[in-house]
Amino acid sequence: MAEPGIHFLDAHGPEGVRLYAIGDVHGRLDLLAAMHQRIESELQWKPVPDWRIIHLGDYVDRGPDSRGVIDFLIEARERDPRNLMIAGNHDVGFLDFLRTPDPEGLFMRYGGVQTAESYGISLTADASWFGKPETLRRGHAALLEAMPQSHVDFLRSLPFSVTSGDFFFCHAGIRPGIPFDKQNPQDLIWIRDVFHDHTGLFPKIVVHGHTPVAEAEVMANRVNVDTLAWQSGMLTALVVDGADKRILEISIK
């Protein structure tokens with residue numbers, strides 16, 4: 001028998017644990033640091049027995065400081081393991097490029113040039129790459145040399161989902177009809193329409209990013225907190241405190 005669905009309004013976080021789920025960062029270290037500062041202030045002003053900060057993936061590409069974002073997240077996790085990070089498609093795409101420098105892959109086509117720049121490496125995504133594999137190999141080798149092993153290890157360590165209370169956290173969404181523990185990782189970091197178009201309730205509320213929206217999208221069965229931070233200057237989080245749910249926004253233009 002299928003597990004009964006739950007509506008967002010009825011969903012609860014775990015007893016005594018406040019959850020913060022932060023949307024796609026994409027190299028905006030300024031916004032990520034400001035969000036953490038805001039959360040730290042909240043936890044001091046209104047303390048709770050326990051908490052989790054869940055980062056929903058896409059830490060790299062497009063924005064100006066992917067390296068700084070990874071440094072920040074590594075330090076946050078080492079300081080307190082209640083800082084949780086899951087994988088996004090761009091994080092996996094970065095690893096794919098490090099293994100095989102594909103000029104037509106996600107990394108080179110969608111913001112990896114900015115990621116490389118944050119490590120002091122100049123790449124180009126224009127037509128000069130095509131037909132010049134040696135040029136691409138040199139750029140790839142330089143990036144591998146410039147990138148700390150701790151950053152590679154961090155990206156490889158990322159799980160594809162986190163579950164807490166009545167909430168399931170992943171980067172992109174889930175495939176309807178498939179149990180959470182049987183979801184394909186490719187769906188968890190890439191899925192869009194078949195998930196967005198599904199109006200039925202899931203056994204848990206799916207909290208995700210991946211698909212940019214102008215403001216947080218709160219639906220009966222899911223919450224999207226990707227507000228295109230790298231371009232809009234607004235980073236968004238869902239806060240769950242027992243039965244209380246709210247949206248937290250940080251803006252830096």
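In what order do the 5 strands of the open sheet stand?

## The sheet

The order is S3-S2-S1-S9-S10, and the pairing is mixed. Strand S3 (83-85) and strand S10 (244-251) stand at the edges with a single partner strand each, so one side of each has no neighbour in the sheet. On average, neighbouring strands of this sheet are turned by 20 degrees against each other, direction ignored. Strands here are DSSP runs of E with at least two residues, helices are runs of H or I with at least four, and both are numbered from the N terminus. Two strands pair if DSSP finds at least two bridges between them.

This is a predicted model, in which local features need pLDDT of at least 70 and side-chain atom pairs count only at pLDDT 80 or more, while totals for chains, interfaces and linings use all residues. Residues are numbered from 1 along each chain as its sequence is written, and side-chain values use heavy atoms, leaving out hydrogens and water.

## The S9 and S10 pair

Strand S9 (residues 234-241) pairs with S10 in the antiparallel sense over 8 bridges. Leu-238 has Ile-247 in S10 as its bridge partner.

## Around Asp-24

Now to a loop residue: Asp-24 is found between strand S1 (17-22) and helix H1 (29-45). Asp-24 is buried, at 2% relative accessible area (buried means under 20%, exposed over 50%, partly exposed in between, with a 1.4 Å probe and protein chains only). The C-alpha atoms of Asp-24 and His-90 are separated by 10.0 Å, with the two residues 66 apart along the chain.

Technical notes: Axes fitted to C-alpha atoms, helices over the stretch in contact; angles between N-to-C directions.
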